[in-house]
Amino acid sequence: MTCSVLVGGGWGDEGKGKCITYLCHYDKPSIIARAGVGPNAGHSVEFNGEKYGLRLTPSGFVHTGAKMFIGAGVLVDPEVFLHEMDYLNKYNVKERTFVDYRCAIIEEQHKERDQASDHLFKKIGSTGTGCGPANSDRVMRTAKLASEIPDLEDYTADVPLQINEALDEDQDVFIEGSQGFGLSLYYGTYPYVTSKDTTASTAAADVGVGPTRIDDVIAVFKSYITRVGEGPFPTEITQQKAEEMGLEEYGTVTGRRRRVGLFDMEMAKESCMINGATQIALTCVDRLYPECERSTDYSSLKPEIKRFIDEIEGETGVPVTIISTGPDLVDTIDLRDELL
Ligand code: GTP
Ligand code: IMP
Ligand code: MG
């Protein structure tokens, strides 16, 4: 039985969607549970030549044998959730996806307040998806809960009960975080952060799993860093330099151009420490070193890439077990067997 938590090590968009898809497709956990803030996330999943952009549904949906849950700590926008249930219908998501009845709801007014706020939308550069105002209403104890929404009636469940019972029966559980360490309300670049802590402990609490039950924490880092929205970015490079390096990117939810920077070792060390990371997944290695595109074999990597990986392991003290060399789930070097 293994209970794993996967979190972003940077400012989000590290490629968590890709890593989750890979891990769930091959490891086949019984339960995949979405933690994190809410539909401000945009996870990309590429599978069998098809591309999906997800905001609430767990990215592990490609493993059709799993029950999927959205934990009580996650904000639910019923419109987004119900749209995704239709959009992913061919994966039978309607029969196997459940929302905790205690999830707080994002209403139209939350989106309007987010987008009309000079502080949130302009200064912080929020995604405008209503997450900040909805979390603020939750703290004020005025937010509606999923149990009050008739459209969600068929989808509500007691998520912690289901997950903890599965763990008692020695089943595997996979918990998906969203956003990233640098966006944590506590440990990120405040005030240029999201409306909640984004580290592994909170991801576990989001779905109602206690810290003693977590076996593995996988922190995902991109080989370079990107950031959308405002705020400090010590290793940022100019857009011109990013273009020369072929590192131009646009956001999945907002379409905004992502700021780009070089790998930040100091941030990686702090992120691994506070997340209690036991493994690192390193993504987009092919974008920094195009010659390794779609490689699935560690021995074929050139010495420069191996030195980069060794340096990350040496500095953070955490093994790099997954190396992602392309957006599709098959474009992966899996070194987890070497840990055994
Ligand atoms: P958030 O929850 O928004 O933080 O999202 P995320 O971590 O799931 O990342 P997102 O999908 O927003 O952005 C990552 C982008 O990189 C997507 O376009 C992925 O398809 C792509 N991607 C992920 N891994 C790799 C990789 O190893 N190589 C390449 N070339 N692209 C990748
Ligand atoms: P909010 O979470 O929409 O309030 O946005 C606050 C900050 O977090 C802004 O800088 C957003 O760009 C950033 N942010 C929130 N969610 C994500 C994400 O999933 N990926 C990247 N940045 C995010
Ligand atoms: Mg994203």
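Which residues coordinate the magnesium ion (ligand 3)? They are Asp13, through OD, and Gly42, through O, at 2.0 to 2.2 Å. Donors here are N, O and S atoms within 2.8 Å of the metal (3.2 Å for Na, K and Ca), and water is not among the atoms, so the site may look incomplete. Asp13 sits in the loop between β1 (3-8) and α1, and Gly42 in the loop between β2 (31-34) and β3 (43-47), so the pair ties together parts that are 29 residues apart in sequence. Helices (H or I, at least four residues) and strands (E, at least two) are DSSP runs, numbered from the N terminus.

Before going on, some ground rules. This is a predicted model, where local features need pLDDT of at least 70, side-chain atom pairs count only at pLDDT 80 or more, and totals for chains, interfaces and linings use all residues. Residues are numbered from 1 along each chain as its sequence is written, ligands are numbered from 1 in the order in which they are written, and side-chain values use heavy atoms, with hydrogens and water left out.

Now the cysteines. The whole structure has zero disulfides, a disulfide being a pair of cysteine sulfur atoms within 2.5 Å. For Cys24, the nearest cysteine sulfur is that of Cys19, 11 Å away. Cys272 has its closest cysteine sulfur in Cys19 too, but at 14 Å that is too far for a bond. Cys24 is buried at 0% relative accessible area, and Cys272 is buried at 3%.

Terms used:
Buried < 20%, exposed > 50% of the residue type's maximum accessible area, 1.4 Å probe, protein only.
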